[in-house]
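Here is a short report on two sites in one protein. Look at the structure first, then read on.

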Amino acid sequence: MSAPQVITLSNVSKSFRIGSASVVAVKAVDLRIPQGQFISVLGPSGCGKSTLLRMLASLDEPTTGQVSVWGARPADLASRHQLGVAFQDHALLPWLTIAQNIAMPFRIAGRRIDHAHVAALIELVGLSGFAQARPSQLSGGMRQRASIARALALNPSLLLLDEPFGALDAVTRRHMNIELQRIWLEHKLTTVLVTHSVDEAVFLADRVIVMSGRPGEVIRDVTIDFPRPRAPDLMREPAFHALVDELTLCLSPGGEGHQH
Ligand code: ADP
Ligand code: MG
């Protein structure tokens with residue numbers, strides 16, 4: 001029997017204890033993500049986006065409900081090294097060079113380092129010439145790009161990105177969006193991107209999920225069917241603006257996400 005080609009979150013909730021109080025971070029999320037889909041997650045700060053990704057990455061356990069990745073537990077996927085993660089809090093190791101950091105997943109998996117692949121990734125994220133630099137010698141944006149390269153090192157089948165472009169200037173961010181689309185089109189790797197940028201969410205995704213303020217629930221699930229490859233010109237089209245406006249409204253106070 002072949003594994004189901006889908007990621008499912010079934011009635012997933014997550015609560016945290018803070019002292020004697022309990023905070024519900026994520027509430028009753030039901031999602032089906034088909035293999036190869038690029039999904040963007042939007043929502044106000046503190047609504048549980050990172051928690052959702054952490055549960056997919058097996059870094060957190062749901063309090064109730066179930067997460068299944070292609071019929072397996074997230075932890076199984078992680079132990080098979082099929083998971084690529086670039087999280088805000090996944091810092092590079094300061095004592096290693098950029099090349100060594102990007103090669104780290106090979107060491108963790110006990111595999112021989114594919115130096116050509118590491119070099120190609122360094123070029124891909126625009127860090128040529130910095131392979132031997134230490135993280136402290138790079139800007140915040142450059143470090144973010146290095147962590148994306150590290151996430152891609154083992155050709156993961158699931159890529160989880162938590163606000164990976166937050167510290168980038170607009171031009172670099174645009175460039176990284178195009179590059180990420182290119183990588184995704186080449187490999188069709190299932191990708192979940194958490195972002196604050198509605199433009200970025202719509203530009204990159206097959207589907208955009210909007211979460212409400214805490215406790216985070218899915219309040220919108222929109223299919224984005226602009227043809228690919230998408231060029232930056234798309235961002236000037238009225239249909240693109242209409243979608244961005246609609247989703248922005250959904251996120252803003254008084255918008256759909258804040259009505260009771
Ligand atoms: P987002 O990524 O959408 O900004 P998070 O998923 O980081 O939100 O957090 C959602 C909520 O869960 C927040 O209220 C946060 O304080 C709480 N939370 C997250 N992680 C923990 C933790 N390890 N312990 C206690 N509370 C947490
Ligand atoms: Mg977060």
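In this predicted model, 14 residues line the second largest pocket. Nearest its centre lie Phe87, Gln88, Arg143, Gln144 and Ser147. The volume of this pocket is about 220 Å³. Which helix gives the most to the lining of the second largest pocket? Helix H5, residues 140-151, does, with four residues. By class, the lining of the second largest pocket has six nonpolar, five polar and three charged residues.

Now turn to ligand 1. The residues around ligand 1 include Phe16, Ile18, Ala25 and Pro44. Ser45, Gly46, Cys47, Gly48, Lys49, Ser50, Thr51 and Arg214 are also among them. By class, this shell has five nonpolar, five polar and two charged residues.

| Residue | Polar atom | Distance to an oxygen atom of ligand 1 |
|---|---|---|
| Glycine 46 | backbone | 2.7 Å |
| Lysine 49 | side chain | 2.9 Å |
| Arginine 214 | side chain | 3.2 Å |

How much of ligand 1 does the protein cover? On its own, ligand 1 has 560 Å² of accessible area, and the protein covers 64% of that. Two or more residues of the shell come from each of strand E1 (6-18) and helix H1 (49-56). H1 gives the most to the shell around ligand 1, with three residues.

Definitions and conventions. Residues are numbered from 1 along each chain as its sequence is written. Chains are lettered from A and ligands numbered from 1 in the order in which they are written. This is a predicted model: local features need pLDDT of at least 70, side-chain atom pairs count only at pLDDT 80 or more; totals for chains, interfaces and linings use all residues. Side-chain values use heavy atoms; hydrogens and water are left out. A residue is near a molecule or strand if one of its heavy atoms lies within 4 Å of it. A polar contact is a pair of N or O atoms within 3.5 Å; within protein, one must be able to donate a hydrogen and the other to accept it, and residues adjacent in sequence count only if both atoms are side-chain atoms. Accessible areas come from the Shrake-Rupley method with a 1.4 Å probe; for residues, only the protein chains shown count as cover. Ala, Val, Leu, Ile, Met, Phe, Trp, Tyr, Cys and Pro count as nonpolar, Asp, Glu, Lys and Arg as charged, and the others, Gly among them, as polar. On a 1 Å grid over the protein atoms alone, a cavity is a set of points where a 1.4 Å probe fits but cannot get out, and a pocket is an open set with protein on both sides within 12 Å along at least five of seven lines; lining residues have an atom within 4 Å of a point. Grid points are joined across faces, edges and corners, and a volume is the space filled by probe spheres set on the points.
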